[in-house]
Amino acid sequence: MNIIICDDRIDDRKNLSDLLSDYGEKKNYEFTITEYESGEQLCEEQSALEACQLLFLDINMQGMDGLKTAMRIKEKYPKLPVVLVTAYMNYALDGYKVKASRFLLKDNLADTIEECMDDLIAEINKNRRILEFRFVEGTIKLYADDIIYIETELHKNVFYTEKGTFQIYKKLDELENELKNMGFVRAHLSFLVNMKYITKISSYVMTLTTGKKISVPKARYAQVKREYMLYKGEE
């Protein structure tokens with residue numbers, strides 16, 4: 001699991017990193033922990049954020065604080081679990097504004113980190129459904145989260161994924177039904193897109209984190225945009 005810690009205090013970063021490493025050893029999880037010392041620095045690291053599965057953010061940072069950083073990151077990665085960490089209890093309510101998954105106090109991290117991680121990992125695993133497809137390349141298992149989009153090309157559908165591209169002789173309607181309730185939207189008759197990878201939808205164009213742009217027909221635009229807003233939790 002890729003975890004990011006963002007805190008402007010090196011001692012606090014080390015303390016949290018050590019606690020997470022101890023938890024991973026105890027529970028037999030493999031963590032890759034990356035540290036950042038400012039919100040500005042973190043927001044520039046798009047490739048790291050795309051790979052991130054869990055983010056710990058200090059609220060009280062110099063410059064861009066944790067709440068502003070969380071807001072900016074959540075705009076692009078709405079489903080990324082964010083844990084806000086602070087030394088001050090009075091910030092707890094602010095966590096709801098940025099749809100934080102958890103709120104932890106620095107003074108008792110050692111007592112709360114295990115329960116927090118148990119709950120978050122259970123949620124993450126629940127959302128990472130494993131699916132098996134019979135591709136032209138052979139039978140392959142994929143996490144639903146790893147599928148970026150599926151495009152119809154001639155008589156096949158092509159899966160564009162984090163692991164590469166795979167071709168399948170199956171109708172897009174069937175694939176849409178298989179991926180129902182997993183965060184996918186039918187952007188076009190020929191495109192089924194994982195909303196996790198959408199950065200914005202405007203002017204009848206859908207932009208993905210990969211930079212790809214997909215046209216959304218006028219007749220389908222309002223419904224696609226509404227589904228995306230619901231996915232982001234904005235309606």
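Helices here are DSSP runs of at least four residues, numbered from the N terminus. The model is predicted. In it, helix 1 is followed by N28, whose phi is positive, near 65 degrees.

**Helix 1.** This helix covers residues 10–27, 18 residues in total, and spans 26 Å from its first C-alpha to its last, close to the 26 Å expected at 1.5 Å a residue. Its buried residues are R13, L16, S17, L19, L20, Y23 and G24. Viewed down the helix axis, the buried residues fall within an arc of 160 degrees, so they line one face of helix 1. The face turned away from that buried side carries the exposed residues I10, D11, K14, E25 and K26.

Y204 and Y221 form one that is tilted, at 4.4 Å centre to centre with 50 degrees between the planes. This pair links distant parts of the chain, 17 residues apart: Y204 lies in the loop between strand 13 (198–202) and strand 14 (205–208), and Y221 in helix 8 (residues 218–232). The two rings' residues are listed below.

| Residue | Burial | Relative accessible area |
|---|---|---|
| Y221 | buried | 13% |

Y221 counts as buried because its relative accessible area of 13% is under the 20% cut-off. Separately, F133, F135, F159 and F166 form one aromatic cluster.

**Confidence.** The protein chain averages a pLDDT of 89, and 93% of the residues score at least 70.

Notes
Residues numbered from 1 in each chain as written. Predicted model: local features only at pLDDT ≥ 70, side-chain atom pairs only at ≥ 80, totals over all residues. Heavy atoms only, no water. Helix = DSSP H or I, 4+ residues; strand = E, 2+ residues; numbered from the N terminus. Expected span 1.5 Å × (residues − 1). Buried < 20%, exposed > 50% of the residue type's maximum accessible area, 1.4 Å probe, protein only. Arc of directions from axis to C-beta. pLDDT = per-residue confidence, 0-100. Phe/Tyr/Trp six-rings, centres within 6.5 Å; stacked < 30°, edge-to-face > 60°.
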